[in-house]
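Dear colleague,

Please find below the structure for your review. My notes on its pockets, its cavity and one of its helices follow.

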Amino acid sequence: QSSDKQFRIGFSQRTLTDTWRKSMLASMKQELSFHPDVEFIVKDAQGQSATQVKQIQDLINQRVDLLIVSPNAAQPITPIVERAYQLGIPIVVLDRRTASDQYTAYVGADNVEVGRTAGLYANALLKGTGNVIEIGESPGSSADIDRHRGFLQILKAHPGLRLVRKLEGDWDKRSFADELTQLIQSTAHIQLIFAQNDRTALKAHAVCQQLGLGQQIKIIGVDGLPGRNEGIDLVDRGILDATVLYPTGGKEAIRTALAILKKQPFRRENRLLTTLIDSTNVRIMKLQNEKVTEQQTDIDRQNRNLENLTKTYTSQRNTLYFTFAS
Ligand code: FRU
């Protein structure tokens, strides 16, 4: 292991395949670029809780100074995270939660609130009556459990809204497409689908299109990433009626981790804000994201300039040194 690094942070990620988690990792790396004294070890569990348990054990064996964990499912990942915590390794839980309060800090948005926001918007869209389908996250994850709980709270308060069924989202190799097709065909008047992430929402839209119901069934997603075919773009193009912005928390997790490692003050609960994106504010979101990307490109360019200047300076200094020394 490189000995010039002051700290080693291990990051156990449930999967690295989707854009939301890629964007989380990118923001972590961006924040880490300000901290060259940190070695960052990333493990990808590929959506398997058993793999994630092994990888966390691995990181414990490597004696990392701090662990960031985004659990695949709450229950299966709890004992190993508790073990690490009891061994004295600081733990930052990110996005999804374990089923325990044995961690040093948590970073993420409130998924019950995400479900509630979607429920309130569904109620507004349907004016209080209609048949609704929900499509979940991977089963057993705190995201799935909490988003469902929040959504149900609102449906219960509006008895005109009926949850026809909650389907499981895609995980491993399964696909919900056939189930959804059958469900829509066998139920009279499905008016709305709440998909617990935008990938699922886009796929649900494709199913509705195939059934010739593209315009009739309203769809709400979650995540609200920028980029082609991501949430903001899908709302902008009218493919989704709305999405609930769910921030990745990558940058905040690294900041919290560093505060813990450097024994600076930090907050144990870091609740990130969510908001609803629909046709009324999607343009603002888009413009804001373009601005941020532009600024980031400028920063990268400045950094490159600075590197080049430093290189030129070093070589000139060496030339001078050799000229005078010889
Ligand atoms: C990505 C993802 C997001 C979702 C989050 C919940 O893997 O499924 O779409 O918001 O995880 O944990």
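Leaving aside its neighbours within four places in sequence, which residues is D95 in contact with? They are W20, R21, M24, S70, Y106, V107, G108 and Y246, where contact means heavy atoms within 4.5 Å. D95 sits in the loop between β4 (91–94) and β5 (105–109). Its relative accessibility is 2%, and D95 therefore counts as buried; buried means under 20% relative accessible area, with a 1.4 Å probe and protein chains only.

Two remarks on the basis of these values are needed. This is a predicted model, in which local features need pLDDT of at least 70 and side-chain atom pairs count only at pLDDT 80 or more, while totals for chains, interfaces and linings use all residues. Residues are numbered from 1 along each chain as its sequence is written, and side-chain values use heavy atoms, with hydrogens and water left out.

The chain as a whole

The protein chain has 10 helices and 12 strands, taken as DSSP runs numbered from the N terminus (helices H or I, at least four residues; strands E, at least two). Of its 326 residues, 48% are buried. The C-alpha trace spans about 90 × 45 × 35 Å along its principal axes. Among contacts with a separation of 6 or more, 72% are between residues 24 or more positions apart.

The cavity

A search of the whole structure finds 1 cavity of 30 Å³ or more. On a 1 Å grid over the protein atoms alone, a cavity is a set of points where a 1.4 Å probe fits but cannot get out, whereas a pocket is an open set with protein on both sides within 12 Å along at least five of seven lines; lining residues have an atom within 4 Å of a point. Grid points are joined across faces, edges and corners, and a volume is the space filled by probe spheres set on the points. The largest cavity holds about 90 Å³ of space. D95 belongs to its lining, together with R14, D18, W20, R21, R96, E137, A143, R147, R199, D223 and Y246. By class, this lining has 9 charged, 3 nonpolar and no polar residues; Ala, Val, Leu, Ile, Met, Phe, Trp, Tyr, Cys and Pro count as nonpolar, Asp, Glu, Lys and Arg as charged, and the others, Gly among them, as polar.

The largest pocket contains about 1,200 Å³ of space. It is lined by 33 residues, and S23, S27, P226, N289 and V292 lie nearest its centre. Two or more lining residues come from each of α1 (19–32), α8 (231–236), α9 (250–261) and α10 (282–325), with the largest share, 8 residues, from α10. The lining divides into 13 nonpolar, 12 polar and 8 charged residues.

The second largest pocket contains about 500 Å³ of space. Of its 24 lining residues, R14, S138, D170, W171 and D172 are the closest to its centre. Its lining has 4 nonpolar, 12 polar and 8 charged residues.

Helix α4

Helix α4 (residues 111–126) has 16 residues and reaches 22 Å from its first C-alpha to its last, close to the 22 Å expected at 1.5 Å a residue; the expected span is 1.5 Å times one less than the number of residues. At its start, a side-chain oxygen of D110 comes to within 2.9 Å of the backbone nitrogen of V112. Buried residues in α4 include V114, T117, A118 and Y121. Just after α4, K127 takes a positive phi of about 50 degrees.

Yours sincerely

Key: Buried < 20%, exposed > 50% of the residue type's maximum accessible area, 1.4 Å probe, protein only. Polar contact = N/O pair within 3.5 Å; in protein donor to acceptor, adjacent residues only side chain to side chain.
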